[in-house]
Amino acid sequence: MGGVAGIVHFRGGAPSREVAQAMSDAVAHRGPDDAGYWAEGPAILMQRRFRTSDTGRRQPIAANPWVLVMDGTVYDTGALQNELEGLGIQPRTGGDADHVLAAWQAWRSDTVSRLMGDFALAVWNRQDRVLTLARDPVGVRPLYYASRDGLFAFASDVRALLRVPWVSRTLATEDLAEYLSFRYTHAPRTLLRDVRLLPAGHIARVDATGVRLHRYWSPHWALPSVVEPSEADTVRSLDNALQRAVDRRLVGGEEVGVLLSGGSSSASILRAVARRQVPRTFNVSFADGGLDEASFAGRVAKLFDAEHTTVRVSREDFAEALPKVVEFLGQPLPSPAAVLQYIVAREARKEVRVLLSGDGADELLGGPAVASLARVLRASRVAGRLPEGLRRPLVRASGGRLGEPEQFGLSQLVGGSRVFDTDERMSILRDPALVRPGMQAAMLGPLYSEVDTDSVNEMLHVYLRGWLPEDSLLRSDRTSTAAGVEVRYPLLDTDLVDFLTGLPGRAKIKRRRGTWYDKWPLKRLLEPELPARLVWRPKRGIPSPLDRWLRDDGEAFLWDHVESVCEDPLGLFRKDAIRRLAREHAAGRASHGAHLWALFFFDLWYRTLSDPPSSR
């Protein structure tokens, strides 16, 4: 983990060192252990380091004509070094950044396709005056940038870019409908008109002529005709690949913790860690009761002899942490789970500096959302074989639930959050031009068109390309860095991703005793070591106080934030419509939690934006 930032002036004078220092300060929370600074001519590069081992040296690092800064970790540097030694190239130190810089001497920007890890990096060619940015395949590490009139800036955090005088805080109102619909925008768009997010698995080449994006990595999903391997072979291969992925993330000899949800993904990671060290596990629970996973997580931890901590969060803890979390998010991600993630990471930091997470399992092996559609998908396939005269009435009677099997996910608009639909956006937005009907189909359609695979894997692909980097990973990155913890994701190991995307959907979602189950191979992997009631129970997910904490004792909190939204300095919303949502929710006549949190996070985020400084 760390933070990077930089400014390049392809036109005009050299960048301001004062502005550069302000940018570095804005990413300091990501790397509290060291600070590096390099300036020459039109470019300034900076890095803040989070140290998890004694290898490596202070960045930026240089090997003429290249200068590199990197946030993140590259695993399996030994394999990379063997290749480099065959070419007569020796990294200066054992650090992963030095391995990347040495590889750059051999393969230039093709280096990124050879890296296994979680990274965001920048390489400045001071001879050709070309800057290259790159982000890891699935988007674990963030990298934002802004460009105007030959001036370019990049950083790990949006707030660092807002320290640059020519980067404005102007809202991208044309993308507001996308945010209200999904609760996030898809890269490269953000809600700030001047700021872009480098998409996962992409390279940006920047020079005096502008910015050009190139996608260097795409998942290879199983073709529709692929033969399903035997279940025994699948489980055995998964076991080996997952163990290697966990071992790669136990580097440096540091003690790690496991974020334990009580589900199969985190339990499988705990199983692999327990083979190497006595694990520490962490879980979140509500102090005032309510459904959560704490009891199940505790049982799993005990079965693997883990030192387990349950972090109990009260309503007061939540309210106190909310403003800080919104500030560190850098963009509105309206999931109360972000606050819970921050509180858990903050408590875990007292014992460990590295946490392992099960994020990625839903997008690669299917989660509850996809499993719940398995019955409908099967019915759609049966209906698809019927004569048209019988099929049409059946589809109409289903209320549109029976889609075309070949386009099932798109017909159901599967692939991300669904918050405000078109009619709901129309009701709360003052300007009808901002509503943008058909937003879900417009954003999801291009993602579905990228792949040729079965219906289940199509849906997983869209989650992998949208929800995972834009919501889940971004939220995890921001909350963990705010707490001073590095989170690693074994299930997003490149080798493991290649294996899982190569499995057909029918190997991932299966029926058992009349019920459809997600993550089938992981459940089979755990079956010999966990009781059946833990393996096959329905998972509730991370607890989220969407409804309960906005009613009864939480009604004062609700109305405080509703009135803050209704102050509406930008004149975007219909106040009567927002207050109506709150009244209906508070009275229990409707469940508008997701809608209200989307508005609350947007309002809190916009208020955290600082005015850009007046000097360059």
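Helices (H or I, at least four residues) and strands (E, at least two) are DSSP runs, numbered from the N terminus, and two strands pair if DSSP finds at least two bridges between them. Please note that this is a predicted model, in which local features need pLDDT of at least 70 and side-chain atom pairs count only at pLDDT 80 or more, while totals for chains, interfaces and linings use all residues. Residues are numbered from 1 along each chain as its sequence is written, and side-chain values use heavy atoms, with hydrogens and water left out.

Let me begin with strand 8. Strand 8 and strand 9 form a hairpin with 2 residues between them, and Asp 149 in this turn has a positive phi of about 50°. The two strands are antiparallel and share 5 bridges; Ser 147, for instance, stands opposite Phe 152 in strand 9. Strand 8, residues 144-148, is also joined to strand 10, residues 196-197, by 2 bridges, again antiparallel. There, Tyr 144 has Leu 197 as its bridge partner.

I turn now to the second largest pocket. A pocket is found on a 1 Å grid over the protein atoms alone, as an open set of points where a 1.4 Å probe fits, with protein on both sides within 12 Å along at least five of seven lines; lining residues have an atom within 4 Å of a point. The space in this pocket is about 430 Å³, a volume being the space filled by probe spheres set on the points. It is lined by 27 residues, and Thr 52, Ser 53, Thr 55, Thr 73 and Asp 96 are the closest to its centre. Strand 5 gives the most to the lining, with 5 residues.
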